[in-house]
Amino acid sequence: MQAASRARAGDWAVFAAGPLAIALLALWLGQSTSWDLRNYHWYNPYALLHGRIAFDAAVAHHATYYNPLIDLPLWLVGNLAPATVAAAFLGLVQGLNFSFLYLLARDALSPALILRRPLAALLALAGVSGGYAVILTGTTYYDNVVSVPVLAALWLIVRDRVLLDAGPWPKARRTAIWAGALVGVAVGLKLPTAPFGLAILAAVAAVPGAHARRAGLVFVTGLAAFAGLMAASGWWFFVLWRETGNPLFPYFNDLIGSTLILDSSYRDTRFLPKSAWDAFAFPFRFAADWRVSSDWAVNDWRIAFAYVAVPLGALVAASGLASSAPPAPRRASRILFAFAAAAYLSWLAVFAIYRYITPLEMIAPLLIVAAIGLAPLPSPARWGAIALALLAVVGLTTLHKGNRAAFAERFVEVAVPAIARPEATMALMTGVEPMGFTVPFFPPKIAFLRVDGYLVGPDKDTAFLRRMRDRIGAHLAGGGDLFTLFLPAEAARGDRALDLLGLKRTGDCAEVRSNLAPTLAWCRVVKPETAP
């Protein structure tokens with residue numbers, strides 16, 4: 001009994017240590033100045049709380065229309081507390097990845113291992129020290145936030161694998177419901193997490209047992225995942241459908257069809273494999289050259305090593321030649337392999353953007369241990385191979401801090417010029433520079449319309465643009481003031497966009513300064529008498 005109590009106390013200590021350590025890491029890395037934070041993570045919660053979805057237009061390009069629910073916690077903390085507290089809060093949440101990686105490894109490894117818990121802690125550490133796990137720390141990309149419920153769901157399936165196989169149906173069903181709901185919420189908060197929705201179904205399907213029972217568990221998991229998705233994002237789907245006609249606006253508009261924008265998917269397909277060979281070699285290609293799947297100079301070999309080890313381990317297990325005492329029992333390995341394969345293949349087919357598969361990077365060290373551990377080799381040889389593989393993936397990792405700055409007093413600080421008539425002012429945003437983070441600092445009566453960017457532009461004749469043209473015309477006809485917000489380096493592009501709208505920027509300008517970005521320009525716009 002005392003040994004069990006000490007083990008539980010140790011588990012709690014390790015569980016808590018991860019978030020604290022990652023919070024400190026977030027503070028050490030510094031203030032994130034990421035593109036996404038400047039673009040929409042600070043604007044979207046503000047727009048939600050102030051009912052601006054129909055008041056502003058395309059402020060953050062496509063991302064203007066992402067579910068803002070995930071941004072609310074940091075928005076609230078960042079507006080109530082100093083910047084360091086907000087960063088530490090974000091690090092604490094992201095540090096839960098370590099906690100659930102530890103629990104997952106602890107329960108996936110064989111209880112017969114004498115150093116099971118220390119090994120689980122080392123695997124969790126290897127998981128959160130990957131290239132993307134580090135660069136995402138303290139940032140608002142949130143791929144390492146939605147990973148927390150994903151890892152928690154996988155842990156539940158691995159922990160209760162015997163229960164799911166042959167335990168009482170009500171208890172097995174409860175585990176399936178929790179696992180499905182957790183992943184469904186993660187997908188609802190960030191739709192690119194969808195591959196892990198398929199992955200959790202594959203993990204449940206891989207649980208040994210009668211086919212009918214497994215089918216029932218997969219159905220329950222899927223139903224719970226759908227319920228979690230709708231709880232997190234169903235309301236937002238309705239808002240987008242009401243405002244635009246497309247519940248996924250602007251994505252898949254070629255299939256769903258909002259009349260506001262072009263008949264296009266609007267997806268980022270830059271990194272999708274161009275051939276069968278590209279797809280087959282993809283993990284090695286992006287491990288060797290980050291530009292294959294990312295915008296950041298980070299190289300990490302965790303997924304590439306797992307890409308080789310997992311199929312070989314699965315073949316060994318299927319052949320009946322597997323070790324009789326593997327570090328991870330075959331039931332647990334089977335679940336892990338199915339989860340990883342489904343997540344990777346669906347991600348490769350739809351996204352191929354590395355950071356969307358960060359949870360797979362995190363569990364890759366455990367996958368490597370489980371796969372190599374199945375090899376029919378003497379125990380010293382197997383453990384030697386495992387150690388070499390783990391040392392290799394850690395040693396080959398290149399870490400990058402990302403875009404960082406020293407902390408200001410607040411997480412986001414913006415100084416805007418005095419506005420003489422905010423109730424009679426409209427702002428036009430031009431260029432592609434992310435500027436959404438500045439909008440909350442302007443008087444709330446000013447509408448911001450991005451007339452030039454990735455989603456809309458004056459050279460694309462869409463109903464969305466025509467609607468903005470009408471608003472601008474009515475505003476000027478009513479004697480309103482018109483200004484443009486832009487990055488000076490994009491002045492020529494902005495002037496061309498204004499010219500296509502029959503407008504002209506004047507020399508009446510002021511500056512918009514912040515702790516996140518270069519100084520922006522705020523200039524008066526007029527409609528020349530000679531405008532077309």
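## Strand pairing, disulfide and aromatic contacts

M426 stands opposite A447, a residue of strand β5. The model is a predicted one. The two strands concerned, β4 (residues 425-429) and β5, run in the parallel sense and are paired over 4 bridges.

Strand β5 spans residues 447-450 and is covered on both faces. A447 and L449 point to one side, F448 and R450 to the other, and all of these residues are buried. In a regular strand, side chains alternate between the two faces of the sheet.

**Disulfide**

The count of disulfides comes to 1. The bond joins C509 to C523, with an S to S distance of 2.1 Å. The angle about the S-S bond is 110 degrees, and the link of C509 and C523 is right-handed. C523, at 1% relative accessibility, counts as buried.

**Aromatic pairs**

The count of aromatic pairs comes to 32. Two of the pairs are listed here.

| Pair | Centre to centre | Angle between planes | Geometry |
|---|---|---|---|
| Y141 and W296 | 4.8 Å | 75 degrees | edge-to-face |
| F284 and Y307 | 5.7 Å | 75 degrees | edge-to-face |

The pair of Y141 and W296 links distant parts of the chain, 155 residues apart. Y141 sits in the loop between α7 (131-135) and α8 (143-159), while W296 sits in the loop between α14 (282-288) and α15 (302-319). Both Y141 and W296 are buried.

The planes of F284 and Y307 are at 75 degrees, so this pair is edge-to-face. F284 lies in helix α14 and Y307 in helix α15, so the pair ties together parts that are 23 residues apart in sequence. F284 has a relative accessible area of 30% and is partly exposed. Y307 also counts as partly exposed, because its relative accessibility is 22% and the buried class requires under 20%.

Which residues do ring pairs link into a cluster? The cluster consists of Y132, Y141, W277, F280, F282, F284, F286, W296, Y307, Y344, W347 and Y354. Both tabulated pairs have their residues in this cluster.

**Charges over rings**

R159 lies over the face of W155, at 4.8 Å from the ring centre. K401 lies over the face of W28, at 5.2 Å from the ring centre.

Note on methods: Residues are numbered from 1 along each chain as its sequence is written. This is a predicted model: local features need pLDDT of at least 70, side-chain atom pairs count only at pLDDT 80 or more; totals for chains, interfaces and linings use all residues. Side-chain values use heavy atoms; hydrogens and water are left out. A disulfide is a pair of cysteine sulfur atoms within 2.5 Å. Buried means under 20% relative accessible area, exposed over 50%, partly exposed in between (1.4 Å probe, protein chains only). Two strands pair if DSSP finds at least two bridges between them. Rings of Phe, Tyr and Trp (its six-membered ring) pair if their centres lie within 6.5 Å; planes under 30 degrees apart count as stacked, over 60 as edge-to-face and the rest as tilted. A charge sits over a ring if NZ of Lys or CZ of Arg is within 6 Å of the ring centre and within 35 degrees of the ring normal.
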